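Biologist: Can you walk me through this structure? I would like to start with the overall layout and then look at single residues.

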Amino acid sequence: MSDVYLASRSARRRELLKQIGVKFEPLMLRLSAPRGADVDESRHDGESPGDYVERVAREKADCALRILGMRALSHKPVLAADTVVICDDDVLGKPANPDEAAIFLKRLSGRTHEVRTAVAVTSPALQGVQALSAVSLSQVTFRELSEAEIKRYCETA
């Protein structure tokens with residue numbers, strides 16, 4: 001029996017929960033067509049990267065909670081998260097292809113950037129209360145990457 005629902009597709013998040021002994025049941029949110037995504041993950045005008053990542057995590061948790069009610073699933077807490085890489089106040093999303101991944105890696109090469117992860121949790125017991133959330137901020141420094149290293153990495157992704 002699971003302890004929580006995990007509103008995340010991230011294999012890494014699943015691995016981390018397993019490492020700490022949390023039993024979870026995945027609760028997948030829609031990403032796209034035909035009815036559209038369950039959560040709008042676009043950054044709003046004027047929204048800081050920190051506010052953006054926290055909003056998306058909260059909205060994922062709140063959306064998953066609504067899905068629990070619609071599907072009459074058992075009442076357990078819902079855990080959601082979102083992670084962003086921030087360079088020069090730009091949020092670098094998941095690269096769409098190896099070429100975009102190479103562009104991102106060239107941009108990050110030899111520099112320090114931020115990685116923010118927001119975690120949000122909610123529960124049917126918290127009806128009417130916005131998901132509780134926290135944000136972790138890490139400073140990550142890449143050494144200079146050669147063109148060959150970037151190419152080799154992008155070929156494995």
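Predicted model: local features only at pLDDT ≥ 70, side-chain atom pairs only at ≥ 80, totals over all residues.

Biologist: How many helices and strands does the chain have?

Modeller: There are four helices and six strands. Along the sequence they follow the pattern β-α-β-α-β-β-α-β-β-α.

Biologist: And what does the C-alpha trace span along its principal axes?

Modeller: The trace spans about 50 × 35 × 35 Å.

Biologist: What share of the residues is buried?

Modeller: Of the 157 residues in the chain, 35% are buried. As for contacts between residues at least 6 apart in sequence, 56% of them join residues at least 24 apart.

Biologist: Which residues have the most contacts inside the largest nonpolar core?

Modeller: They are A7, L27, L29, A64, L68 and V78, in a core of 22 residues. Four elements each supply at least two residues to this core: β1 (4–7), α2 (49–71), β3 (78–87) and β5 (112–122).

Biologist: Which element gives the most to it?

Modeller: That is α2, with 10 residues.

Biologist: Pick V78, then. What is it in contact with, leaving aside neighbours within four places in sequence?

Modeller: V78 is in contact with Y5, A7, A61, A64, L65, L68, A120, V121 and T122.

Biologist: Changing topic: what is the volume of the largest pocket?

Modeller: The volume is about 1200 Å³. The pocket is lined by 42 residues, and the closest to its centre are S10, R13, T83, V84 and K94.

Biologist: Which elements give two or more residues to that lining?

Modeller: They are β1, α1 (11–19), α2, β3, β4 (90–92), α3 (98–108), β5 and α4 (147–156). The one that gives the most is β3, with seven residues.

Biologist: Now some single residues. Where is K76 found?

Modeller: K76 is in the loop between α2 and β3.

Biologist: Is K76 buried or exposed?

Modeller: K76 counts as buried because its relative accessibility is 10%, and the cut-off for buried is under 20%.

Biologist: What lies under it, then? I mean, which residue has K76 over its face?

Modeller: That residue is Y5, and K76 is 4.8 Å from the ring centre. Leaving aside neighbours within four places in sequence, K76 is in contact with S2, D3, V4, Y5, E25, L68 and P124.

Biologist: How many aromatic pairs turn up in the whole structure?

Modeller: The search finds zero.

Biologist: Last topic, backbone angles. Which way does phi of D88 go, positive or negative?

Modeller: Phi of D88 is positive, near 55°. D88 lies in the loop between β3 and β4.

Biologist: Why bring that up?

Modeller: Because most residues other than glycine have a negative phi.

Biologist: What about phi of D89?

Modeller: D89 has a positive phi near 65°. The loop between β3 and β4 is also where D89 sits.

Note on methods
Residues numbered from 1 in each chain as written. Heavy atoms only, no water. Phe/Tyr/Trp six-rings, centres within 6.5 Å; stacked < 30°, edge-to-face > 60°. Lys NZ or Arg CZ within 6 Å of the ring centre and 35° of its normal. Core = buried A, V, L, I, M, F, W, Y, C linked by side-chain atoms within 4.5 Å. Buried < 20%, exposed > 50% of the residue type's maximum accessible area, 1.4 Å probe, protein only. Contact = heavy atoms within 4.5 Å. 1 Å grid on protein atoms, 1.4 Å probe; cavity = no way out; pocket = protein on both sides within 12 Å on 5 of 7 lines; lining within 4 Å. Points joined across faces, edges and corners; volume = space filled by probe spheres on them.
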